Amino acid sequence: MSKTNQSKTKLIVLTLDAFAPSALGCYGSSWNSTPAIDALAAGGCVWDRLITNNTDATATLEQWMQQDDWMESWKPMGSIELLSDSQKAISLAAKTNFDQLFLIDPVDQSQENGVAEDLESTQFAQLIAAAVERLGEDDDWSVLWLHSDFLRTCWDAPRWLVDAEPLAEWDDEPLDAAETLEAEMLESNQESTDSLDDLPYVFDQTSPPEIQLKADEHPDLIATWMRTYGCQVRLVDELLRVLVTATADDDVTIVLAGTSGISLGQNGWIGYQAGPLRSCHIGVPMIVAGVGPTRIPQVRDASIVPDTIAKLSQAECQLTDVDQWSHHEDVYQPRVVSRRGSTEHAITTPKWFFVEQKNDSHRLYLKPDDINDFNDISRLRSDVVDELSQNADSDGA
């Protein structure tokens with residue numbers, strides 16, 4: 001199903017901690033705009049249901065970096081280098097066969113410095129600038145791996161990246177019955193919230209939040225935090241455009257992937273690794289530009305990333321074929337077991353997302369329909385709970 005990759009001799013891998021697919025247009029976001037990422041996806045290969053087998057971004061990155069096969073595939077074509085603003089990433093790569101490691105000192109975003117005024121002053125911009133500078137040098141390289149943890153540690157994107165234009169006004173045409181009822185409900189809700197203090201459109205806080213949502217929380221709180229996070233992802237989108245432009249005249253394939261997700265209210269929490277284990281923590285995006293267009297709808301374990309990178313070294317490669325793309329998956333076959341602590345884990349299958357929590361309670365969600373794990377149906381499908389519990393037990397969870 002994928003088109004062949006015609007003699008690509010260089011590769012840029014861009015990985016990001018706390019990278020939520022829900023904030024990307026090509027993954028169906030209705031509240032955030034990412035035109036540069038969407039353009040990569042339009043002509044590339046997109047994994048719709050890529051699941052990490054650990055909620056810890058560092059553990060996932062270690063799993064990807066420390067598999068040697070992909071390095072052996074790319075070494076003959078030049079050096080393999082890591083540029084990162086994360087000391088943890090540099091330390092992981094130091095244990096592997098990377099040829100060069102470059103730590104990009106993050107901008108000091110103390111409380112006094114606050115939000116950056118322009119793109120160039122952000123932590124992520126320092127990494128992209130270093131990569132563009134490296135692209136301009138003459139010596140041969142085969143893989144530039146760029147890794148940033150700013151989505152997990154420093155939300156310093158200029159807030160003007162957010163489109164704060166007001167919604168269009170109602171027109172003068174008469175409302176039908178349904179529209180009249182909706183208008184009355186909106187008016188009623190407005191009256192009930194008039195006594196609440198207004199929240200800003202986005203927050204100026206640069207430290208990513210870890211918030212448990214309360215029953216009486218402000219009704220706009222989640223939306224404000226989503227816009228604030230979306231602003232950071234728009235920064236990624238803007239600077240990815242710079243990177244794509246810098247490689248336009250070269251024979252370079254770009255891979256964009258997340259090493260972990262982040263909760264944006266889906267589980268009653270906002271933050272990285274925050275709250276009870278849910279799909280938002282382990283679902284991550286991956287896009288390979290120029291090798292498509294196609295989408296892979298099946299559940300895939302993110303441990304396939306090193307093998308995918310290895311395949312891209314081939315003069316002509318296929319990341320999937322018709323048989324693989326159309327293969328019917330066993331609804332009970334566990335693809336991923338994710339653990340968070342010794343007693344909390346989840347199983348993802350093509351049809352279900354099952355969680356055993358620390359208090360021995362169960363949660364079961366229908367997939368892929370229930371995107372945000374909203375409707376727990378464990379009481380209605382005790383047969384599925386029993387089946388997946390046995391799979392969890394046999395795996396040693």
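A salt bridge is a side-chain nitrogen of Lys or Arg within 4 Å of a carboxyl oxygen of Asp or Glu. The structure on display is a predicted model, in which local features need pLDDT of at least 70 and side-chain atom pairs count only at pLDDT 80 or more, while totals for chains, interfaces and linings use all residues. Residues are numbered from 1 along each chain as its sequence is written, and side-chain values use heavy atoms, with hydrogens and water left out.

**Salt bridges**

Begin by selecting R134 and E137, whose closest N and O atoms are 3.2 Å apart. R134 is buried, at 5% relative accessibility; the term means under 20% relative accessible area, with exposed over 50% and partly exposed in between (1.4 Å probe, protein chains only). E137 is partly exposed, at 39%.

Next, select K367 and D373, which form a salt bridge of 2.5 Å from N to O. Both of these residues are buried.

Then move to R381 and D383, paired with 2.9 Å between their closest N and O atoms. Here R381 is partly exposed at 29%, and D383 is partly exposed at 40%.

**Helix α2**

Select residues 57-65, helix α2; helices (H or I, at least four residues) and strands (E, at least two) are DSSP runs, numbered from the N terminus. Its buried residues are A57, T58, T60, L61, W64 and M65. Viewed down the helix axis, these fall within an arc of 160°, so they line one face of α2; the arc is that of the directions from the axis to the C-beta atoms. At the N-terminal end, D56 caps the helix, with a side-chain oxygen 3.1 Å from the backbone nitrogen of T58.

**Nonpolar cores**

A nonpolar core is a set of buried Ala, Val, Leu, Ile, Met, Phe, Trp, Tyr and Cys residues joined through side-chain atoms within 4.5 Å. In the largest core, of 56 residues, select F124 and Y229, which touch the most other members. Elements giving two or more residues to this core include β1 (10-16), α5 (123-135) and α8 (221-246). The most comes from α8, with ten residues.

Around F124, leaving aside neighbours within four places in sequence, show its contacts (heavy atoms within 4.5 Å): L14, L16, S148, F150, L235, V236 and L239. Finally, a second, separate core of 34 residues can be located through V13, W64, W145 and M286, which are among its members.

Definitions and conventions:
Polar contact = N/O pair within 3.5 Å; in protein donor to acceptor, adjacent residues only side chain to side chain.
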